[in-house]
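Biologist: Hi, could you walk me through this one? I'd like to talk about contacts, packing and pairing.

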Amino acid sequence: MIQILFFLFAALAVGAAINVLAQKHVLYSSLALIVMLTAVSALFILLQAEFLAVINVIVYAGAIMVLFVFVIMLLNLPADPAGEDGSDRLRWLKLIGIPLGIFLLLMVGATVWNVSNSTNATQMTGTAQAIGQSLFTDYLLPFELTSLLILIALMGAVVFAKKDL
Amino acid sequence: MIPLHWYLILAAVLFLIGVLGFFLKRNIITLLLSVEIMLNAVNLTFVAFSSQHGLISGQIFVFFVLVVAAAEAAVGLALVIAMFRNRESLNVDRSNLLKW
Amino acid sequence: MTALAYTTLLERRVIAFVQMRPGPNRVGPMGLLQPLADGLKFLLKEQVVPTNANVLLYYAAPIVSLVPAILSFSVIPFGPDLKMSDVSVSLLFVFAITSLGVYGIVLGGWASNSKYPLMGAMRASAQMLSYELSLTLSVVGVLMIGHTLSLAELVTSQQGTWFGFIPRWNIFLQPVAFIVYIVSAVAETNRLPFDLAESEQELVAGWHTEYSGMKFAMFFLAEYANMVTVSSIATILFLGGWNGPSFGPWWLQMALPTVWFISKIFCFIFAYIMVRATVPRIRYDQLMQFGWKVLLPLAVANILITSLVVALS
Amino acid sequence: MDFSNWLWLIPISPLLGAVINGILGSRLSKSVIGIIGAGTVALSFVISLGAFLQMLQEPASAMPIIRNYFVWIQAGEFHANFGFLLDHLSGLMILIVTGVGFLIHVYSTGYMHDDSGFYRFFAYLNLFMFSMLTLVLANNYLLMFVGWEGVGLCSYLLIGFWFGKKSATDAGKKAFIVNRVGDFGFILATMLIFWTFKSVDYGQVFAAAASFPLEPLGMIGTVTAICLLMFVGATGKSAQIPLYVWLPDAMEGPTPVSALIHAATMVTAGVYMIARSASLFDRAPGALLVVACVGAATAIFAASIALVQTDIKKVLAYSTVSQLGYMFLACGAGAYAAGVFHLMTHAFFKALLFLGAGSVIHGMGGIQDIQKMGGLRYKMPWTFRTFLVGTLAIAGIPGLAGFFSKDMILAAVWESPNFGHILWAVGLLTAGFTSFYMFRLLILTFFGEARYTHEDVHHVHESPASMLIPLVILAIGSIGGGYLNIPGYLGFESAEAASASVEHLLMGASIAAALTGLAVAWLFYVARPEWPARIASGADALYSILTHKFYIDEVYDAVIVLPLLVTSREFLWKVVDTLMIDGTVNGIGQLIRSSADGLRHMQSGYVRTYAAWILAGGVLVVAWFLR
């Protein structure tokens, strides 16, 4: 049963991710990404990370992607014009980048193969309590720093997006 | 029980899709979306390892990745708006003035 | 679904009563068959698609809107044994699901390719994003008292009474949170006085201007479903869920919790309708200011005070 | 009310004043600033007085009163408390410091009234009071050092108070640097104390020192080394040979500062320190002898310079140096009580003299040259009267404070075992000199015809009451201070009393010296005004040596400053800095520039090119881990 669910959501995630690239219009890409996010969240649940799964949906799908869709609608973007290539100078990138990427994948695969598959006996579920406990004790400083990061990003976004300050 | 390998391979595939998207697409929003794909792939590995080793730290890290993603999306989209306002285009290859 | 349909009848009757006019009373006794007639009418309507609409998204939007609204019912406990599933993070699950509902509105508005829907959709998305913050934050105080994210456990944590007659409900511990929650919830469901996204005088009907027939009905149902959802969440968080006096023979004791729960929700719905009937709509900038400058700080202050009290006791 | 529980407030009260005046001063009115400045010191004085009187009634077993407030430093076996100690010595000192300090604060409200830096002045002055009281009340050497440094800082700030004037800032820097040399000695002494006695707390150190063997004359043991290093510190702070040079220059500061810091309190810190460490010095006769010799040399040396100075404050400054030498002479002779006694009387009459001089300068509109004064007796009657009292007191005329303390010092020196008679003769000569230059100053300033012109001075006037009242009070102190039985009260075991006849003989000698000085001054400047010039031309070489202060500043310049300067410029600057440091920095810059020139071609401006580099880097990193 779990295997079936895994393959279902894995296929959904990969398919949606490919769809993100395949779509001509960014709005469709964004929607495809939302599907992918939800699939990944479902995978989180399979991994006993319930809290994180829900948070992933709330933050990513509920906030970040809404922002994307919002901006796309705000700018009322047209679909990508076909055949408009940036410059021929960048063609070599495809020649180099794709092999590099595949090489990377192969190496990751090799690494994965090296990872010992010993299942850990201690079963752990990512409850809100466990995460909160760890976040507010061991990771308190990074946590506070992220709040600073968010603040800076907030101000930066306002500065960039405002027409004239 | 699903072996760890499967998750890792899935994450690698997703990551590769993100990388490809970043290299092959020209729309800056699609580029940002590709970055989100990559981040999610990484999140998946974190959670997979976290569940494998029974350590909560991996999930904490996903938390931080989420925060960074949110910040990145906010600033990135602000830049997109500014860029679109100035150039009427979201093609990243058109904005190449910042160079030697 | 039927209950949702009858909520519409209730709303129309109550508003009519407030406005001193009869309201729908022709179809069946006291107009009780009116929702059925409405449904029939929606089904039989012609399917209109605007000329330059994005057809795929145009059709998808009502579904995207309705599905999360219905889905969130799955974790709400209507009684001690009356729930579909209980996840340990069910409250967050509800929030996650309802936060997806905004896509329906946004896509609908955008896919119609028309200016009023687009404006309405933009307003709706901005408004829902803003108020979701204070909605979520207002709940945190309750969670700190209840020590759980599970809705069922939250309800059980509110059993019993103080001094024998005051029910042990969170509304008495978290009055500020309750007020913030109710106000944000009204805004979150795009109801008056916060229905800027579909304000008839400015935007015709907002994001569903171009919708008709069954697709319109789905939007409509989604809105009422959301109302019921936030009302039941409010009931669970602040009014003790299905808790209430229990008496009578065993079958009554079985049924009573659900009866209590439904009647509490009903109170909320009634309050919604009364608010709609009595309060005027506010301006858009006022709406945003109110959300960010009043509700959000209030919710944060509530969290601070609550955590202080919890930490000290 | 138990005053000893309020000891902490004595230093803290002026500190509060300093903080308030320093932070809010620019917004407060001058009267408020003055009230805060003087009021906080007055509070300290009241508490000091209460604590002092209460202490007198304590049985001897309860002495000293120690209050430890908190552990200040705890590192390994090193341990220092933040605590205060009240005994007869520090009780007397806090009375002097707060009492004289309060009077001078009151005086300053009048003197500094038209200065734009009014609040700054009071903030510094209060800070000084805090540091000085910490120094005096400290119960260990480290805390004393804190106060020691604090008074040095305030002295620097106040000398350079008029920082627009180059000579003032130079004088401030000079004082600071010269003091640094002395402080170095002090901190070395503190380290050595800790190293030897494993503590810096007075009680433990003195208890441990008592069990040390006496180090006979000529032997330099640990205790002698400690004492000598401490004395180096004292020479810096209390302006003894060879580190006295900063004090005359310090007269660039406002006159109340000269009175408070550079006459009455701070410069006596060295004397206090030696008196405080009496148990150590008693173990090291060699160190005592050095102290006595340096003190005597300084006394005669500075007095001789003072003979020919024409600046009113410079005369008083050299006089101070000379009197400090006296105090060290007393300490060196083992008569700590006499030294502290003289410290107290000196605080009265020297503060009085300085404030009187300030009053004169104030009235003359800033002129300090006594050759341009004269005849001020009628214009400034109260200043004249109090100044006269001060002069009589410092000159050692019988019946006034200075006579008693000086006489006691000379008697003690006579009795001291090593070179006692020679040192006594030097002291006596100094007393004669002192009498001479002080009466010269008095006569030139207040008697005779007015030598100033009306272009120079528009309106010679008496000073306001806020300046005169402190003068009067100090004058009373200068008269009455000598009748207090300070030495008996301090309870140092004094040297075995000389026979009454010898004592009377010595007393007669010192009276004779004082009167001789008076007579010569009268002869030179009243009866035969042409004689000074004739003598000056007759003994030309001697005179010019004296007017140039023995060329000490020039010698220091040539021996210490110039070599330093040349080394810095020729070696440190041109070789080390320009060639080595600059070369390294520029070279790195050049390297980065040229490498950046090559690398900048990576910056194509295309986002995806950058991404490609990132990807390549990622692949490399993964490859490294997979190796």
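Modeller: Happy to! Two residues are in contact here if their C-beta atoms, placed from the backbone, lie within 7 Å. This is a predicted model, in which local features need pLDDT of at least 70 and side-chain atom pairs count only at pLDDT 80 or more, while totals for chains, interfaces and linings use all residues. Residues are numbered from 1 along each chain as its sequence is written, and chains are lettered from A and ligands numbered from 1 in the order in which they are written.

Biologist: Thanks! In chain C, what share of the contacts with a separation of 6 or more is between residues 24 or more positions apart?

Modeller: That share is 76% in chain C.

Biologist: And how many helices and strands does chain C have?

Modeller: Chain C has 12 helices and 2 strands, counting DSSP runs numbered from the N terminus: helices are H or I with at least four residues, strands are E with at least two. Along the sequence the order is α-α-α-α-α-α-β-β-α-α-α-α-α-α.

Biologist: Where does chain C touch chain A?

Modeller: In chain C, 17 residues are in contact with 14 residues of chain A. Helix H4 (90–111) and helix H5 (115–146) of chain C are the elements giving two or more residues to that side, and H4(C) gives the most, with 9 residues.

Biologist: What classes of residue are on that side of chain C?

Modeller: There are 14 nonpolar, 3 polar and no charged residues. Ala, Val, Leu, Ile, Met, Phe, Trp, Tyr, Cys and Pro count as nonpolar, Asp, Glu, Lys and Arg as charged, and the others, Gly among them, as polar.

Biologist: Switching to chain D, how do H1(D) and H2(D) cross?

Modeller: The axes of helix H1 (residues 9–24) and helix H2 (residues 30–57) of chain D come within 8 Å and cross at roughly 175 degrees. That makes H1(D) roughly antiparallel to H2(D), a label for angles over 145 degrees. Axes are lines fitted to C-alpha atoms, for helices over the stretch in contact, with angles from 0 to 180 degrees between N-to-C directions.

Biologist: Which residues make the contact?

Modeller: Among them are Leu9(D), Gly17(D) and Ile20(D) of H1(D), and Ile33(D), Gly37(D) and Ile47(D) of H2(D).

Biologist: Last one: what about the strands of chain D?

Modeller: Strand S1 (residues 65–75) and strand S2 (residues 78–86) of chain D run antiparallel, joined by 9 bridges. Phe70(D) has Phe82(D) as its bridge partner in S2(D). The two strands form a hairpin with 2 residues between them, and Gly76(D) in the turn has a positive phi of about 60 degrees. Strands pair if DSSP finds at least two bridges between them.

Conventions:
Angles under 35 degrees count as roughly parallel, over 145 as roughly antiparallel, 65 to 115 as roughly perpendicular and the rest as oblique.
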